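The tour goes stop by stop.

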Amino acid sequence: MTVTMLTNALLVSTAGATEPPVVEPAAADGALSLLWLVIALPALGAAVLLLAGRRSDSWGHLLGTATVAGSFLVSLVSFIALLGRDEGDRSVGQHLWTWFEVGLDGRVFSADLALLYDPLSALFLLLITGVGALIHVYSIGYMALDPRRRRFFGYLNLFIAAMLVLVLSDGYLGLFLGWEGVGLASYLLIGFFQHKPSAAAAAKKAFVVNRVGDVGMVLALALIIATFGTVSFAGISAASSQVGEGTLTAIGFLLLLAACGKSAQVPLQSWLLDAMEGPTPVSALIHAATMVTAGVYLVVRSNFIFENAEIAQTGVVVVGTVTLLWGAVIGCAKDDIKKVLAGSTMSQIGYMMLAAGLGVAGYAYAIFHLLTHGFFKANMFLGAGSVMHGMNDEVDMRRYGALRAAMPITFATFALGYLAIIGFPGFSGFWSKDRIIETALAENWVVGVAALIGAGVTAFYMTRLMLMTFFGEKRWADEVHPHESPKVMTTPLIVLAALSVVGGVLILGNWLKDWLTPVVGKAEPHDLPVPVIVITIAITLVVAVGVALAWFLVGRREVPRTAPTDVSFVTRAARADLYGDAVNEGLFMRPGQRLTRGLGTFDHSVVDGTVRGTAGTFMASSSLFRRMQNGYVRSYALSLLAGALLVMVALLVVTIA
Amino acid sequence: MDVTPFIALSAILFTIGCVGVLTRRNAIVVFMSVELQLNATNLALVTFARMHGNLDGQVAAFFVMVVAAAEVVVGLAIIMTIFRTRRSASVDDASLLKY
């Protein structure tokens with residue numbers, strides 16, 4: 001009763017939303033028939049680099065970069081070809097091969113590997129291959145001194161190929177294939193510095209936590225096959241309105257669980273901060289720009305399920321809202337520059353999830369923020385990598401300070417990314433985050449206010465990061481000589497910084513909304529309680545307060561070189577990732593360990609005890625009987641005689657009776 | 001014809017043989033006791049053959065003799081070999097084949 005009321009109170013209104021569109025993809029022709037190359041190129045690169053071994057050490061990084069760049073070119077050509085098509089005709093399918101066919105309830109269930117190229121996947125293709133290519137270029141410089149650079153590029157190519165399978169697949173089965181592929185690549189790359197126990201542990205943690213989400217994915221897949229008899233998006237979206245809401249809600253929540261795991265959303269958020277053990281380009285590519293946004297992609301792609309399952313949609317909003325505050329609070333207390341950015345990533349993905357959960361009104365903004373975030377967060381992660389590169393791999397911001405003179409290009413590009421993420425008017429983040437907060441306010445003011453507060457906290461921790469890294473007194477050790485990174489690293493920074501600034505053009509004239517309409521449906525204009533300009537000013541004011549707060553708390557004071565310990569409870573909690581690990585350990589790990597230990601004891605004492613006891617009984621009795629074989633012929637003769645007498649007596653008894 | 005004395009003699013001889021096998025340690029004596037048992041059996045066979053008036057029992061007795069002859073050859077050879085290797089003809093000394 002109470003639960004129902006609560007759900008109703010939280011339920012986000014989607015009244016007036018149109019039914020999700022049903023588009024049967026047309027066959028690929030012309031330039032689009034080369035679509036398979038997008039995946040094939042990086043896959044080939046990964047195969048060559050990982051199989052050829054040390055022979056490819058000298059040119060491996062070049063091949064790895066070239067394949068992704070080639071992939072980007074194909075994506076670009078495909079995108080232009082798609083632009084040239086009519087709006088209703090922008091869904092293109094390419095059937096590769098039939099994976100397997102099985103009988104299912106008298107029908108044939110055919111698992112086809114087919115590509116779906118539509119406005120949504122087109123944007124992802126550009127983001128993945130574009131940002132991916134830039135990060136490949138950057139990695140040439142960043143990993144130059146690493147003897148295992150070739151292997152690194154092999155893994156990166158593997159990741160790109162898997163991620164492209166994820167976003168290009170025309171159904172959940174192929175999506176799942178890519179889903180697991182990026183999980184594997186993420187595991188390999190987080191643990192790339194495998195000689196460090198912390199990196200190996202972080203990789204394992206990411207893998208295990210993702211496995212929890214993957215259980216949701218597998219169950220959702222099973223439920224989808226059982227309900228619809230098909231896994232293709234087109235088939236499911238055509239049939240989704242005829243399926244009961246209970247089933248769709250179940251599928252929705254299972255998909256949400258999967259999205260939580262991959263996108264590091266509460267309650268499966270704990271792995272992302274540890275994942276920063278990986279090389280910084282990995283953090284930029286996988287744990288900021290692309291892979292962690294796969295959960296958002298999944299929700300947006302599954303709009304035909306969530307549109308008919310309001311409770312699951314509300315779940316998405318709740319998860320997004322909680323995570324955007326969660327990540328932001330963690331970001332405020334961390335001193336490790338990469339962990340601040342990781343908390344920020346978590347928080348920004350929370351924004352996307354929130355938008356995706358708002359339904360038709362929010363899908364386009366979720367994707368918009370995903371793209372702009374892909375630009376500015378990759379930019380800042382690579383900037384952080386550039387700082388670390390010049391500071392002997394130091395990550396503690398308390399050992400930075402006054403770096404703006406030593407590395408001007410890094411500083412300038414980082415500053416542009418910073419302005420974008422806090423939502424400085426005119427920068428890309430300003431447009432995308434404002435739209436999300438606006439839509440949230442229009443749909444449900446609680447969520448909207450939470451998103452607004454999140455924007456202020458974001459401004460606070462990002463300003464803190466900027467001040468501690470680039471401003472103030474120099475706090476680095478004498479043997480550290482900060483220097484600007486080589487051109488091969490700064491060029492991608494400049495390109496990404498430019499994209500961070502101008503990324504907002506995508507929404508000019510609502511282009512992105514119209515572009516995505518064939519996939520997610522047309523949003524009705526929402527009515528805000530106050531004019532848009534008031535909200536924009538309010539957001540900007542909140543951001544300004546966050547910046548000012550950071551200036552008063554961090555910028556004006558001297559930053560201690562070691563973290564102060566006499567801090568408030570909130571800071572301690574945020575430093576400990578808001579006790580996410582403690583909760584997991586107390587709630588799952590320890591009881592699990594106790595259970596397994598108990599089962600082990602049970603197996604050892606009861607199961608093995610029974611077996612060993614049986615064997616022991618027979619051993620004891622056999623050793624008793626064994627004594628009869630004493631080797632004395634005369635005793636054998638006696639038993640012979642006794643036996644013969646016994647037979648005789650028995651015969652006598654039988655004869656007489 | 002009264003077979004009782006023959007059967008009684010056969011039983012007495014067989015019992016002597018049994019006691020010999022069970023109580024004596026010298027392999028040769030044990031062997032002789034076994035022969036005594038065989039001959040007691042032969043006597044019983046021949047007696048019953050006479051009683052029934054056919055040759056079945058006598059044929060069986062011949063079989064026993066032939067087998068006993070063969071057995072003596074092999075048995076004595078074994079006893080000889082054991083005596084040579086172990087310097088003893090006691091059946092209790094040859095007790096290696098056990099648990």
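Start in chain A with a loop. Select A:Pro267, which sits in the loop between α9 (245–263) and α10 (270–274) of chain A. The peptide bond joining A:Val266 to A:Pro267 is cis, with omega about 10 degrees. Bear in mind throughout that this is a predicted model.

**Two positive phi values**

Go to A:Ala402. Its place is the loop between α16 (360–390) and α17 (408–422) of chain A. Check the backbone there: phi of A:Ala402 is near 55 degrees, a positive value in a residue other than glycine.

Next, select A:Tyr579. Phi of A:Tyr579 is also positive, near 55 degrees, and this residue is not glycine either. A:Tyr579 lies in the loop between α23 (569–575) and α24 (580–626) of chain A. Is A:Tyr579 buried or partly exposed? Its relative accessible area is 32%, so A:Tyr579 is partly exposed.

**Aromatic rings**

Now show the rings of Phe, Tyr and Trp. Over all chains, a search of the whole structure finds 18 aromatic pairs. Pick A:Tyr138 and A:Tyr142: their ring centres are 5.8 Å apart and their planes stand at 20 degrees, so this pair is stacked. The cut-off for stacked is planes under 30 degrees apart. Both residues belong to helix α4 (residues 119–142) of chain A; because A:Tyr138 and A:Tyr142 are four residues apart, about one helical turn separates them. A:Tyr138 is buried, and A:Tyr142 is buried too.

Stay with rings and select A:Phe152, A:Phe153, A:Tyr155, A:Phe192 and A:Phe193. Ring pairs link these residues into a cluster.

Switch to charged side chains. The structure holds 14 salt bridges over all chains.

Select A:Glu277 and A:Lys196. Their side chains meet in a salt bridge at 3.4 Å, N to O. A:Glu277 lies in the loop between α10 and α11 (280–289), and A:Lys196 lies in the loop between α6 (172–190) and α7 (197–228), so the pair ties together parts of chain A that are 81 residues apart in sequence. A:Glu277 is partly exposed, with a relative accessible area of 22%. A:Lys196 counts as partly exposed at 33% relative accessibility.

Move to A:Arg464 and A:Asp335. This salt bridge is 2.9 Å, N to O. A:Arg464 is in helix α19 (residues 445–470) of chain A and A:Asp335 is in the loop between α14 (310–333) and α15 (337–357) of chain A, so the pair ties together parts 129 residues apart in sequence. Buried or exposed? A:Arg464 is buried, and so is A:Asp335.

For a network, select A:Glu180, A:Arg211 and A:Asp214. Salt bridges link these residues.

**The interface of chains A and B**

Colour by chain. Chain A and chain B bury about 1,100 Å² between them, with 62% of it on carbon and sulfur atoms. How many residues does the contact take from each chain? It takes eleven residues from chain A and 13 residues from chain B.

Across this interface, the rule finds one salt bridge. Select A:Arg634 and B:Asp92 to see their side chains meet at 2.6 Å, N to O. Helix α25 (residues 633–656) of chain A gives the largest share of the side that touches chain B, five residues. By class, the side of chain A that touches chain B has five nonpolar, three polar and three charged residues. Between the chains there are two residue pairs in polar contact, counting pairs with both at pLDDT 80 or more.

A:Arg634 is buried, with a relative accessible area of 18%. B:Asp92 is buried as well, at 14%.

**Last stops in chain B**

Select B:Ser88, in the segment after α3 of chain B. B:Ser88 is buried, with a relative accessible area of 14%. Its side chain reaches the backbone nitrogen of B:Ser90 at 3.0 Å. The side chain of B:Ser88 also makes a polar contact with the side chain of B:Asp93, at 2.8 Å. Leaving aside neighbours within four places in sequence, B:Ser88 is in contact with B:Ile82, B:Phe83 and B:Asp93.

Finish at B:Phe62, in helix α3 (residues 56–86) of chain B. B:Phe62 is exposed, with a relative accessible area of 55%.

Key. Residues numbered from 1 in each chain as written. Chains lettered and ligands numbered in written order. Predicted model: local features only at pLDDT ≥ 70, side-chain atom pairs only at ≥ 80, totals over all residues. Heavy atoms only, no water. Contact = heavy atoms within 4.5 Å. Buried area = accessible area lost by both parts, 1.4 Å probe. Salt bridge = Lys/Arg side-chain N within 4 Å of Asp/Glu carboxyl O. Polar contact = N/O pair within 3.5 Å; in protein donor to acceptor, adjacent residues only side chain to side chain. Nonpolar A, V, L, I, M, F, W, Y, C, P; charged D, E, K, R; others polar. Phe/Tyr/Trp six-rings, centres within 6.5 Å; stacked < 30°, edge-to-face > 60°. Buried < 20%, exposed > 50% of the residue type's maximum accessible area, 1.4 Å probe, protein only.
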